[in-house]
Amino acid sequence: MARLQADHVTLGYDRRTVATNLSLAIPDGEFTVIVGPNGCGKSTLLRSFARLLKPEAGRIVLDGKAISSVPAKEAARRVGLLPQSSTAPDGITVSDLVGRGRYPHQTLFRQGSAGDRAAVDRAMERTGVSEFAGVRVDELSGGQRQRVWVAMALAQETPILLLDEPTTFLDIAHQIELLDLFARLHEEGSTVVAVLHDLNHAARYATHLVAMKDGVVAASGSPRDIVTPRLVEEVFGLPAVVIDDPETGTPLVIPRATR
Ligand SMILES: Nc1ncnc2c1ncn2[C@@H]1O[C@H](COP(=O)(O)OP(=O)(O)OP(=O)(O)O)[C@@H](O)[C@H]1O
Ligand SMILES: [Mg+2]
């Protein structure tokens, strides 16, 4: 049984239901990528997996228990989330913000240990933001800031890492650099889940791909098996051809010329 799964969940906000009776297991040790149109429920699902949104029905199961019964801090030591957008506290420096990722590991009597500092340094190094350690987050560019948020999620050092559009705002080289970093985390044993909009990045990096539409899982499996013109048409309403990526052999989606 997977460590993290949605078991017949209904997800939504006040009057808006986003998904009904949705079940999805996050396979342990895989690099899962979730794709789907704007508004289909990807962020909502990730927030429920991170215990930030309580299902209206059904349950999110973490290590065999309803996540709602796991104390928040305990859950945050096992599941980390990089949200789609966040606002940094005014004037906070990069190293202090990344340090907040250590909060779930700290107690009233044990804060800022050598272990915490080492985790923060390692996270900043892996995301290439060490040079900004003492700089205020609000003085960084959008892309630099995005990498700082990723560093904060990494500093949390959770076995399961959820990333909601981690590569938005990044130039192409930094997108690939971060995706390579996530692939390395996966190789080192982490369970990684990322929401991506670039289907070609998704097909290249995912070991397990989930395509969502209107709160429903339309397809899941290996990218080579599920990325077809039919799926792209069904999920995105986009006529496309799918060829082999000349570099990796994974599916490469090319929208049909419409004009
Ligand atoms: N806080 C909220 N309150 C009310 N409705 C919300 C809230 N957040 C999202 N929604 C609605 O829930 C639906 C799913 O939103 P969600 O953010 O999960 O989509 P998404 O798949 O992540 O989209 P995107 O690709 O644009 O990030 C949308 O219709 C959205 O308007
Ligand atoms: Mg989203």
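Trainee: What should I know before I start?

Mentor: This is a predicted model, in which local features need pLDDT of at least 70 and side-chain atom pairs count only at pLDDT 80 or more, while totals for chains, interfaces and linings use all residues. Residues are numbered from 1 along each chain as its sequence is written, chains are lettered from A and ligands numbered from 1 in the order in which they are written, and side-chain values use heavy atoms, with hydrogens and water left out.

Trainee: In what order do the six strands of the open sheet run?

Mentor: In general, strands of a sheet pair through backbone hydrogen bonds, either parallel or antiparallel. Two strands pair here if DSSP finds at least two bridges between them; strands (E, at least two residues) and helices (H or I, at least four) are DSSP runs, numbered from the N terminus. The order is β6-β7-β8-β3-β9-β10, with mixed pairing. β6 and β10 (216-221) are the edge strands, each pairing on one side only. Inside the sheet, β3 (residues 31-35) runs parallel to β9 (residues 208-213), joined by four bridges; V35 has A211 as its bridge partner in β9.

Trainee: Which strands does helix α6 touch?

Mentor: Contact means heavy atoms within 4.5 Å. Angles run from 0 to 180 degrees between N-to-C directions, using lines fitted to C-alpha atoms, for helices over the stretch in contact. Helix α6 (residues 172-187) touches β3, β7 (160-164) and β8 (191-195), and its direction makes about 135 degrees with that of β3. Helix α9 (residues 229-236) lies across β3, β9 and β10, at about 40 degrees to β9.

Trainee: What is the strand order in the open sheet of four strands?

Mentor: That one reads β2-β1-β4-β5, with antiparallel pairing. β2 (16-26) and β5 (65-66) each have a single partner strand, so one side of each is left without a neighbour in the sheet. Five bridges join β1 (residues 4-13) to β4 (residues 57-62).

Trainee: Which protein atoms are donors of the magnesium ion?

Mentor: Donors are N, O and S atoms within 2.8 Å of the metal (3.2 Å for Na, K and Ca); water is not among the atoms, so sites may look incomplete. For ligand 2, they are S43 (OG) and Q84 (OE1), 2.0 to 2.1 Å away. S43 sits in helix α1 (residues 42-49) and Q84 in the loop between β6 (79-82) and α3 (94-99), 41 residues apart.

Trainee: Which ring does K73 lie over?

Mentor: A charge sits over a ring if NZ of Lys or CZ of Arg is within 6 Å of the ring centre and within 35 degrees of the ring normal. K73 lies over the face of Y103, at 4.6 Å from the ring centre.
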